[in-house]
Amino acid sequence: MGKKASETAGKAITCKAAICRKPGEDLVIEEIEVAPPQAWEVRIKIICTSLCHTDVTFWKMDFGPEGSFPKILGHEAVGIVESVGEHVEEVKEGDLVVPVFLPSCNECRDCTSSKSNLCTKLGSKFYLGMPRDGTSRFRGLKGEVLHHFLFVSSFVEYTVVDIAHVVSLDRHVPPDKACLLSCGVSTGIGAAWRVAEVEEGSSVAIFGLGAVGLAVAEGARLRGASKIIGIDLNTDKLEIGKKFGVTHFINPTALGEKTVSQVVKEMTDGGADYCFECIGLASLMKDAFSCSREGWGKTVILGVEKHWSELNINCYEILRGRSVIGSMFGGLKPKSDIPILAKKYLDKELRLDDFITHEVNFQDINKAFEFLAQGKSIRCIIWMDK
């Protein structure tokens, strides 16, 4: 680290990475080689990164395209542009940027529509490398190919990201707060604002009070929801949730013979206006749907299903006016909406500080996994230089 861009632009960089070699095993800090950016690509010096539940899901996964190893995990981060490839005009050396897993080409039908935040030009064709050609920019010092993860791979001192996955930010945003906006917090707030369109006086039920669920609560609070019900097995989340606007708390194991849906319906006079599943289990998605109000209740799916299970819902209940919708990144368009959230933080409208519960240095990255597994962490910031 500490290399001057003028010395490294156009050259491979040797740096440290936390490599995932086998599913579920500790990451290993190793020296690797990061290639210079090609056309449409940006090489970023990571300032800090954080651990998301999605990282843990794919860390354990041993099947499908993402079950390939060795790979460099991590997709929530912030950094400084070290160098850019041909055709990159949107950012320049020295800019503060956040890499995001969701691309924005700004040209395709989806990118130019207000109805979608997906990108049909790049999409997710390649899972293990760069989005345009599928190749990797990471090599072990003996030439071993190291796979990318979600087009970001931030558990490394330097990464290479396609410009479609890069968002430029105001340099006044503190790096650790900027890091939060690259995935989980933006997903939750966006889901409340953009997908559900929570309105003043409405009722909200949130399954899972991790970073995404708490961000949903924060978004609902800012929109003036009158009841924000947090549902979690961890009773410590009751006090944490209050910081983000949670007004009621349900521990499903403490209800006796009652179901969660019965209790939510009692609290909300028939069911919540908006329900959010933020864990990633089909059974809880169904529970969230059951908690929604007949006539207009909307259930928003945010969790990545851990077992790729199907969601089964009674068709008659759909006919009664309830709806289910899925959402990537909370419906936000990263390049235009993340800077808006950053400004709201700078203007003291948006709470971000309380999401950060732990901080570790890069060498201790495995502690972040331990904190999350123990239910102690909302977001653990992993600093590269501290």
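Residues are numbered from 1 along each chain as its sequence is written, and side-chain values use heavy atoms, with hydrogens and water left out. Because the model is predicted, local features need pLDDT of at least 70 and side-chain atom pairs count only at pLDDT 80 or more, whereas totals for chains, interfaces and linings use all residues.

A search of the whole structure gives 21 salt bridges, a salt bridge being a side-chain nitrogen of Lys or Arg within 4 Å of a carboxyl oxygen of Asp or Glu. One of them pairs Arg21 with Glu144, with the closest N and O atoms 2.9 Å apart. This pair links distant parts of the chain, 123 residues apart: Arg21 is in the loop between β1 (13-19) and β2 (28-34), and Glu144 is in the loop between β6 (138-140) and β7 (145-146). Helices (H or I, at least four residues) and strands (E, at least two) are DSSP runs, numbered from the N terminus. Relative accessible area was computed with a 1.4 Å probe on protein chains only; buried means under 20%, exposed over 50%, and partly exposed in between. Arg21 counts as partly exposed because its relative accessibility is 31%, and Glu144 is partly exposed at 33%.

A salt bridge also joins the side chains of Glu41 and Arg137, at 2.8 Å from N to O. Here too the pair links distant parts of the chain: Glu41 belongs to strand β3 (residues 41-50) and Arg137 to the loop between β5 (96-99) and β6, 96 residues apart. Both Glu41 and Arg137 are buried. A further salt bridge is formed by the side chains of Asp232 and Lys237, at 4.0 Å from N to O. Asp232 has a relative accessibility of 13% and therefore counts as buried; Lys237, at 9%, is buried as well. Salt bridges with shared partners connect Arg21, Glu30 and Glu144 in one network.

In soluble globular proteins, nonpolar side chains tend to be buried together. A nonpolar core is defined as a set of buried Ala, Val, Leu, Ile, Met, Phe, Trp, Tyr and Cys residues joined through side-chain atoms within 4.5 Å. The largest nonpolar core contains 103 residues, and those with the most contacts inside it are Leu27, Ile32, Phe155, Val198, Ile206, Phe276 and Phe355. Helix α5 (residues 211-222) gives the most to this core, with 7 residues. With contact meaning heavy atoms within 4.5 Å, and residues up to four places away in sequence not counted, Val198 touches Ala192, Val204, Ala220, Arg223, Ala225, Tyr274 and Phe276.

Thr49 is located in strand β3 and is buried, with a relative accessible area of 0%. Thr49 and Ile382 are 333 residues apart in sequence, while their C-alpha atoms are 5.2 Å apart. Ile382 is among the residues that Thr49 touches outside four places in sequence, together with Glu76, Ala77, Ser154, Phe155, Cys179, Cys380, Ile381 and Met384.

His165 lies in the loop between β8 (158-162) and β9 (166-168) and counts as buried at 0% relative accessibility. Leaving aside neighbours within four places in sequence, the contacts of His165 are Val98, Pro99, Val100, Phe101, Leu102, Pro103, Pro131 and Phe151.

Asp354 is placed in the loop between α10 (334-346) and β16 (356-361); at 35% relative accessibility, Asp354 counts as partly exposed. Not counting residues up to four places away in sequence, Asp354 touches Lys243, Phe244 and Ile378.

Helix α4 is mostly covered, with 11 of its 12 residues buried; among them are Trp193 and Val195. Just after α4, Glu197 takes a positive phi of about 55 degrees.
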